[in-house]
Amino acid sequence: MPLAPAITDLEQLKERPPLARLLGWDADAVEAAKFDRDELTIVVKRPAIRQACALLRDDPALQFNFLADITGVDWYPSEPRFEVVYHLLSIPRHQRLRLKVRLAGDDPSLESITSVWPSANFFEREVYDLFGVRFSGHPNLRRIMMPEDWDGHPLRKDYPVEGYR
Amino acid sequence: MPQMFTPTPTLDATGPRTMTLNMGPQHPSTHGVLRLLLEIDGETIVRMMPDIGFLHTGIEKTCEAKFYQQAVPLTDRIDYLCPLTNNLCYVLAVERLLGLEIPPRAQWLRVMLNELTRIASHLVWLGSHAIDIGAMSVFLYCFREREDVMRIFEMVSGQRMMTSYFRIGGLALEPPLGMFDAVRKFVKRFPSRVDEYENLLTTNPIWMERTKKVAYLSPEDAVALGATGPTLRASGIDIDLRRDMPYTGYEKFKFKVPISHDGDVFARYMVRVQEMRQSNEIVRQTLEGVPEGPIKADAPKIVLPDREKMKTQMEALIYHFKIVTEGFPVPAGEVYQAVESPRGEMGYYVVSDGSPKPYRVHVRAPSFANLQALPTMCEGRLIADVVAAIGSIDIVLGEVDR
């Protein structure tokens, strides 16, 4: 099966239910969208992420009730440097959705979604530990993988693979 | 919602009645190097805090420095009880990035070996869970059958545990002569062996006393806390990715998804035992009609050529040299591929920037998320129940810490 080209035009995608719901709530909250390899990605603006998650979880037609994963990607040296990636799953409807927030390298912080899904706790701690992205409103934002007194954030692209010698 | 407290609490507990107890990282029932901080009042747990990271080896960072095909052996080491499931999830993600079509024979063999892996993993779980609670002999019975599965893995890949048998584009090798006979023999014998384990445990009054109504997890909590797999299904949520979002040809096979509504340790035990029977049933179905044909996709720039061709054909030699020394570029994009591992939803999020090395590989480890449900299960219960609760969520610390 040859790859179909990715659709990144917001106009073509706006009929998709999750995107339509977010655009109907606040058209300014959506920065971009992409449909590629059968996966829908919505890039949400930083202040809107917690409310967007709550909206997608509680909407009776969408029911994205399960947070599968949170992770980060570092696009150093380009800006905006960080992406925080959320993978949502709708258990009743068997559908997946990817949300993204783009963050600038000089201020990598955003709102925690632990109040929407308590399962975000460990995932956000992991992103904080390995990328140095801070989540405001997190109940216990501490390192989870690395030792407490570790310097640096290992999954950043400017951190050497062998570590600092 | 569970509360998380400081990872290094002091012993001057706040109340006059409570004290802090350190369980692990060397405690035998923590299945590796899990450290639990317990604040206890007598024998009752007031608060619990899992402390993880002792096995963190930076596998995700290492993957970024390897070619796509070189990352396959690394995935074995993430969850060392189900290496083939990790292989499968990673290669499926990369194959989706590439848009590769996998021949049916390879898909059938993948399903067969993946289900054998599930059986082997559940056998380790059952044996160690029973030994934690005090039933010594079950462990010996379980490892007898696990050895049979390990021999089958050794036949196909030359390795008992770190198999790396699934490769991008298909399988590493054609399975050897006699492998199907060995699987057939195992499948025929296995249901009676599960009966043996059940005879020892299911209606055993001591076992029931230690597991029924222990470590209860409500369906709402299970979803909110990110539990997946048997832990979620034992709380009454009916989802199995093999049936509901099929991959690698699972839609061709018929099987039941066992669920339970009790949400306790016994329910998780029953769900897993029935899953072993269902997995055996799937393996039996795969044996009945393995399609003939190639085991590798027709993509000479991605899949290594056969040894024989390499020695006789110029092009094959060139492709081999190119793949080994330069890797192969993968079109830019990102994919999240989830499979049903023995422990729950295992997901690989692979990001490509168009180069021969993955830009980012992230593993959504089911044990990592299931561990978050542990404090909710244990708070307000007795210390002795913690051992049963840890066993019932079936964590593998290699996967938690990665």
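In this predicted model, Thr163(B) counts as buried, because its relative accessibility is 5% and the cut-off for buried is under 20%. Thr163(B) sits in the loop that links helix 5 to strand 4 (166-167) of chain B. Setting aside neighbours within four places in sequence, Thr163(B) touches Asp76(B), Pro83(B), Leu84(B), Asn87(B), Phe153(B) and Ser157(B).

Next comes helix 5 itself. Two packed helices are described by the angle between their axes and the distance between the axes. Helix 5 (residues 136-157) of chain B packs against helix 6 (residues 179-201) of chain B at about 165°, and their axes are 10 Å apart. That angle makes the two helices of chain B roughly antiparallel, since anything over 145 degrees counts that way. The crossing of helix 5 of chain B past helix 6 of chain B is left-handed. On the helix 5 side of chain B, the residues making the contact include Tyr141(B), Val149(B) and Ile152(B), while helix 6 of chain B brings in Phe186(B), Phe190(B) and Leu200(B), among others. Sorted by class, this contact has 15 nonpolar, one polar and six charged residues.

What about the nonpolar core? In soluble globular proteins, nonpolar side chains tend to be buried together. Here, the largest nonpolar core has 178 residues. Helix 4 (residues 104-133) of chain B gives the most to this core, with 14 residues. Tyr86(A), Ile113(A) and Leu116(B) are among the residues with the most contacts inside the core. Leaving out neighbours within four places in sequence, the contacts of Tyr86(A) include Ile49(A), Leu67(A), Leu99(A), Ile113(A) and Phe135(A).

Chain A also has some loops worth a look. Pro108(A) is found in the loop between strand 5 (95-103) and strand 6 (109-111) of chain A, and it is buried, with a relative accessible area of 6%. Although Pro108(A) and Arg81(A) are 27 residues apart in sequence, their C-alpha atoms are 8.6 Å apart in space.

Most residues other than glycine have a negative phi, and most peptide bonds are trans. A cis bond joins Tyr76(A) and Pro77(A), with omega about 5°, and another cis bond runs from Glu79(A) to Pro80(A), with omega near -5°. Pro77(A) lies in the loop between strand 3 (66-74) and strand 4 (82-90) of chain A, and the loop between strand 3 and strand 4 of chain A also holds Pro80(A). As for phi, Arg37(A) has a positive value of about 50°, and His94(A) one of about 55°. Arg37(A) counts as buried at 12% relative accessibility, whereas His94(A), at 29%, counts as partly exposed.

Key. Residues numbered from 1 in each chain as written. Chains lettered and ligands numbered in written order. Predicted model: local features only at pLDDT ≥ 70, side-chain atom pairs only at ≥ 80, totals over all residues. Heavy atoms only, no water. Axes fitted to C-alpha atoms, helices over the stretch in contact; angles between N-to-C directions. Helix = DSSP H or I, 4+ residues; strand = E, 2+ residues; numbered from the N terminus. Parallel < 35°, antiparallel > 145°, perpendicular 65-115°, else oblique. Left-handed = near helix turned anticlockwise from the far one by under 90°. Contact = heavy atoms within 4.5 Å. Nonpolar A, V, L, I, M, F, W, Y, C, P; charged D, E, K, R; others polar. Core = buried A, V, L, I, M, F, W, Y, C linked by side-chain atoms within 4.5 Å. Buried < 20%, exposed > 50% of the residue type's maximum accessible area, 1.4 Å probe, protein only.
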